[in-house]
Amino acid sequence: MRAFLALLCVLLGLTATHGAQLIFSNTLGSNMVLQRSVEVTIWGWATPRDKIGVSFNKNNYAAVADSVTGEWSVTLPATPTGGPYTIVAMSGASGTAQLDNVLFGDVWLCGGQSNMQLALSGVFNATLEAQKANNYPQIRLFTVGQGTTSNVSLSQLATIEQPWTVASNLTVFDKTSSWTYFSAVCWLFGRDLADTYPDLPIGLISSNWGGTVIQAWSSPTALAKCGIHNQDSITAAAAAATINEEDDHLRYAKASSSASSSSVSMNPNLNSVLWNAMIVPFLKQSIFG
């Protein structure tokens with residue numbers, strides 16, 4: 001590692017260029033799970049044209065940030081189940097960024113509306129179920145925030161309710177704080193997998209919004225194949241769905257303060273607006289299902 005960083009510093013000249021800070025995509029993070037046994041993409045942003053070096057598992061990878069957007073990416077080789085690993089990105093103009101405690105296992109995206117949104121705090125014996133989470137440190141959790149919709153594809157998540165974190169009673173449901181959420185269906189599904197495959201790390205991404213329709217979660221390409229071309233096409237029933245959703249399922253639906261007012265005000269049942277805001281930022285990420 002030291003030899004690689006020293007060589008990189010020489011190659012980049014350690015120029016005192018002032019530019020964008022080197023960052024990873026906010027869909028990535030320390031404590032995450034990356035998909036095992038397939039090539040995976042690690043990406044982020046830096047100063048345009050900046051040279052990026054990435055160190056992983058005693059190997060080095062290079063990239064150049066896009067000349068306009070500053071986006072960069074590297075492809076890591078297929079890696080078997082295991083960890084933890086550290087992934088370090090470094091550049092001369094943009095600084096360094098690091099992901100710690102990264103495991104390789106299976107990654108699952110749990111999407112949908114109220115059935116998937118229903119929190120673990122709302123199930124029978126919720127406190128007991130939450131305590132059991134302490135026995136599953138190989139499960140890692142990520143929760144996309146609600147409150148952001150978009151007519152165009154977003155490169156980054158605008159709202160994150162819970163960054164990558166190790167499963168515990170405090171991260172699936174903490175009745176002593178304001179954190180009362182992780183998706184019950186997503187958690188119980190992941191826990192069942194962990195019971196079946198105890199040596200397999202499991203990454204669970206919860207991205208859902210109660211009272212929404214399938215068109216909002218579908219890409220424009222998919223909708224076009226179904227004969228739906230009007231971006232703002234919406235039925236009266238779909239428009240009323242969010243209003244009629246039970247309050248108990250919407251406790252988690254408060255908009256994050258980081259979302260813009262224009263995004264928050266957009267109807268979440270318009271075609272593709274949740275696909276653009278809550279799914280597209282993950283498209284570069286390898287998942288199992």
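Me: How many bridges join strand 3 to strand 6, and do the two run parallel or antiparallel?

Reply: Strands of a sheet pair through backbone hydrogen bonds, either parallel or antiparallel. In this predicted model, strand 3 (residues 40-45) is joined to strand 6 by 6 bridges, and the two run antiparallel; two strands pair if DSSP finds at least two bridges between them, and strands are DSSP runs of E with at least two residues, numbered from the N terminus. Within this pairing, Gly44 stands opposite Trp72 in strand 6. The model is predicted, with local features needing pLDDT of at least 70 and side-chain atom pairs counting only at pLDDT 80 or more, whereas totals for chains, interfaces and linings use all residues. Residues are numbered from 1 along each chain as its sequence is written, and side-chain values use heavy atoms, leaving out hydrogens and water.

Me: In what order do the strands of the open sheet lie, and which are the edge strands?

Reply: The open sheet is formed by 3 strands in the order 1-3-6, with antiparallel pairing. Its edge strands, each pairing on one side only, are strand 1 (23-24) and strand 6 (71-76).

Me: Which residues have the most contacts inside the largest nonpolar core?

Reply: In soluble globular proteins, nonpolar side chains tend to be buried together. Here the largest nonpolar core has 45 residues, and Phe24, Ile42, Trp72 and Ile87 have the most contacts inside it; such a core is a set of buried Ala, Val, Leu, Ile, Met, Phe, Trp, Tyr and Cys residues joined through side-chain atoms within 4.5 Å, where buried means under 20% relative accessible area, with a 1.4 Å probe and protein chains only. The largest share of this core, 6 residues, comes from strand 8 (residues 95-112). A second, separate core of 22 residues includes Cys186, Ala194, Ile202 and Leu204.

Me: Why is the pair of Phe56 and Tyr85 described as tilted?

Reply: A pair of aromatic rings is described by the distance of the centres and the angle of the planes. Rings of Phe, Tyr and Trp (its six-membered ring) pair if their centres lie within 6.5 Å, and planes under 30 degrees apart count as stacked, over 60 as edge-to-face and the rest as tilted. For Phe56 and Tyr85 the centres are 5.1 Å apart and the planes stand at 55°, so the pair is tilted. Phe56 lies in strand 4 and Tyr85 in strand 7 (residues 82-91), 29 residues apart.

Me: Which residues do ring pairs link into a cluster with Phe56?

Reply: Ring pairs link Phe56, Tyr85 and Phe104 into a cluster. Phe56 and Phe104 are both buried.

Notes:
Helix = DSSP H or I, 4+ residues; strand = E, 2+ residues; numbered from the N terminus. Buried < 20%, exposed > 50% of the residue type's maximum accessible area, 1.4 Å probe, protein only.
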